[in-house]
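Visitor: I would like a close look at a single part of this model. Please describe that part from end to end, with the cut-offs behind each term.

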Amino acid sequence: MYHVKTKNFDNSCLPFLNKIVNKNRPPDTADTLTLSPLSRHNNPIMSKNFWLKLKKPIFVLAPMANVTDAVFRRLIAKYGRPDAMFTEFVSCDGLQSVGHAKLLIDLQYTEAERPIVAQIFGSKPANFYKTAQLARELGFDGIDINMGCPEKNLVKSGSCAGLIRTPQLAQEIIRATQAGAQGLPVSVKTRIGFNKNEIETWIPALLAVEPAVLTVHGRTRKEMSLVPANWDVIARAVEIRNETKSKTLIFGNGDVRDLEDAAAKAKQYGVDGVMLGRAIFGNPWLFNREKKTPTIEERLHVLVKHTLLYEKILGGKKSFDLMKKHYKAYVSGWDGAKELRIELMTAKTAGEVEKIVVLYLKNNTNK
Ligand SMILES: Cc1cc2nc3c(=O)[nH]c(=O)nc-3n(C[C@H](O)[C@H](O)[C@H](O)COP(=O)(O)O)c2cc1C
């Protein structure tokens, strides 16, 4: 019996989480799992598939570790809700280990964020199976498998973008997740290849096991984020989907600036949806169709609110310094922004941040 026991976790959830975490722990011997392929005609995956209820083109918020955490997502849900959101990526191996309590922090969400999808990564089908069960019991609307993160150590361990090199294992992982998810939609986020464009083989391999959605980030693993995303290759992924008569939705991802750009790309490249990532930095209104460019004052108020909420919910659990990358984004683009930013970088508490901003606004009321 393992216990979620940490002073850093919201204690009100502990009995519930302990119950489900222990229920979902794999037996010590369960390091392999045999699963039969799902039949297209008897596919439980489609039964609770919220993706099919959304109006196309679908605009979703990208998972971004240490950025789109439970706190930022709450603000985004309030100021400009996308059609769906994803958690930061969470390790299946970690969730199935004794150290799982710490990782459960990354699976916190609020009702306002729905539909909310848990993004997971790993390389062991058995742990995906158990983690899918856990995600289902935690009430997630869907599960997404990370097959795109280019980070060296993760790739070396066979996870994330490393799975592009082992398509059979990738398929086994998708099937294991589908089996554990018991009807919740399972999606995949990936890149167009490992060292080179491989979509002619990689996309059909994924479509063969019927993920509900396939998000294609238009770069190879080797390209990291160093070159512009290739949307022509994303369009080819849509063609492959059409040629194979697959029902999987295809989303495009990479370098999308705003909703207008997303709508234009959906039209031009034929994707069912678009995923936006870095454009949300400093702009929780990104998905708000009514909102014109926010004023400096509005941005600074949200910066303070974001910081206070971060301290309240993640204080002591995650480093306060993670807020600093948000400050860079909130505070830029006007005369005097740099000086304010430098001052904010020295702050160590939400109270200090609030004081700095209040004083700044008092001295710069015309900004
Ligand atoms: C700080 C940061 C963290 C990221 N973390 C994740 C992650 O946890 N899971 C994932 O699938 N992709 C992650 N990504 C990749 C993004 O989801 C997205 O694919 C990438 O930023 C390209 O989209 P964009 O040009 O709209 O930002 C991350 C990207 C950034 C910049």
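Guide: Helices are DSSP runs of H or I with at least four residues, strands are runs of E with at least two, and both are numbered from the N terminus. Residue numbers start from 1 along each chain as its sequence is written. The model is predicted: local features need pLDDT of at least 70, side-chain atom pairs count only at pLDDT 80 or more, and totals for chains, interfaces and linings use all residues.

The part is helix H9, residues 231-243. H9 has 13 residues and reaches 18 Å from its first C-alpha to its last, close to the 18 Å expected at 1.5 Å a residue; the expected span is 1.5 Å times one less than the number of residues.

A residue is buried if 20 or more other C-beta atoms, placed from the backbone, lie within 10 Å of its own, exposed if 12 or fewer, and partly exposed in between. Val233, Ile234, Ala237, Val238 and Arg241 of H9 are buried. They lie on the same side of H9, because they cover an arc of only 160° around the axis, taken from the directions from the helix axis to the C-beta atoms. An α-helix has 3.6 residues a turn, so residues three or four places apart point the same way.

The buried residues of H9 pack against helix H8 (199-207), strand E6 (213-217), strand E7 (249-253) and helix H10 (259-269), a contact being two C-beta atoms, placed from the backbone, within 7 Å. On the face turned away from this buried side are the exposed residues Asp232, Asn242 and Glu243. After H9 comes Lys245, with a positive phi near 55°.
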